[in-house]
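User: I'm new to this one and would like to learn how to read it. Could you walk me through some features, one at a time?

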Amino acid sequence: MPELPNLVEDELTLLVGSNFGYVTICLFAPLVEEMIFRGAILRTLLSVMKGKTWLPIVISALLFALIHMNPAQMPYAFVVGIFLGWIYSRTGSIVPGVLCHWVNNTVAYLMIRLMSHQMSDVRMTDLFGGDHRRMGLAIIFSFFILLPALYQLVTRTARRG
């Protein structure tokens, strides 16, 4: 896959280094973005497109990706937007999405804080000491956490719409 330009890398680095970086990126952004994209846009699309769930989710996820205005971030934001929209459609609440969004942004924030400017070209394996096996095990372990959590979400929430 071609490398996409990261148009806001310098601004993000400055924001992460500021006194209010964590508050802005990890607390304010998830709350505001979930209120707008799931609480307002997706809720409205779901009510207008009665009986359809996935089309409104995809539309809101596309808008969510576009608003990030960063080609390097847009594909990931689109996938996350679909996931957060699905959670909203299952629960009818933005709270689970805000929590997931907060965790995601906090992990990204911490990774940026921990990595120096010299490591701007870091690869995922570098975070695991260059050991592909260790990285693979970490990914598999993550799925052992993610899959039961998704199963619980599906079985404990009623399908809305």
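User: Let's start with a loop. Where does Met69 lie?

Analyst: This is a predicted model, so keep that in mind throughout. Met69 sits in the loop between α3 and α4, the latter spanning residues 74-91.

User: What is there to notice about the phi of Met69?

Analyst: General idea to begin with: most residues other than glycine have a negative phi. Now the case here: Met69 has a positive phi of about 50°, although Met69 is not a glycine.

User: And is Met69 buried or exposed?

Analyst: Exposed, since its relative accessible area is 58%, and the cut-off for exposed is over 50%.

User: Okay, zooming out. How many helices and strands does the protein have?

Analyst: Six helices and zero strands. If you walk along the sequence, the pattern reads α-α-α-α-α-α. Of the 161 residues, 26% count as buried.

User: Which example could I look at for Leu27 and His101?

Analyst: Those two are 74 residues apart in sequence, yet their C-alpha atoms are 9.0 Å apart in space. Leu27 is part of helix α2 and is partly exposed, at 41% relative accessible area. Leaving aside residues up to four places away in sequence, Leu27 touches Tyr22 and Trp102.

User: Now the helices. How do I describe two that pack together?

Analyst: Two packed helices are described by the angle between their axes and the distance between the axes.

User: Which residues make the contact?

Analyst: From α2 you have Glu33, Phe37, Arg38, Ile41, Leu42, Leu45 and Leu46. From α3 come Pro56, Ile57, Ile59, Ser60, Leu63, Phe64 and Ile67. Sorted by class, that contact of α2 with α3 has eleven nonpolar residues, one polar and two charged.

User: Last topic: salt bridges. How many are found in the whole structure?

Analyst: The idea is to look for a side-chain nitrogen of Lys or Arg within 4 Å of a carboxyl oxygen of Asp or Glu. A search of the whole structure turns up two. In one, Glu34 pairs with Arg38, and the closest N and O atoms are 2.7 Å apart.

User: How far along helix α2 are Glu34 and Arg38 from each other?

Analyst: They are four residues apart in helix α2, so about one helical turn separates them.

User: Are Glu34 and Arg38 buried or exposed?

Analyst: Glu34 counts as buried, at 1% relative accessibility. Arg38 is buried too, with a relative accessible area of 0%. For both, the cut-off to remember is under 20%.

User: And which residues form the other bridge?

Analyst: The side chains of Asp131 and Arg134 meet there, at 4.0 Å from N to O. Asp131 counts as partly exposed, at 25% relative accessibility. Arg134 is also partly exposed, at 48%.

Notes: Residues numbered from 1 in each chain as written. Predicted model: local features only at pLDDT ≥ 70, side-chain atom pairs only at ≥ 80, totals over all residues. Heavy atoms only, no water. Contact = heavy atoms within 4.5 Å. Helix = DSSP H or I, 4+ residues; strand = E, 2+ residues; numbered from the N terminus. Nonpolar A, V, L, I, M, F, W, Y, C, P; charged D, E, K, R; others polar. Buried < 20%, exposed > 50% of the residue type's maximum accessible area, 1.4 Å probe, protein only.
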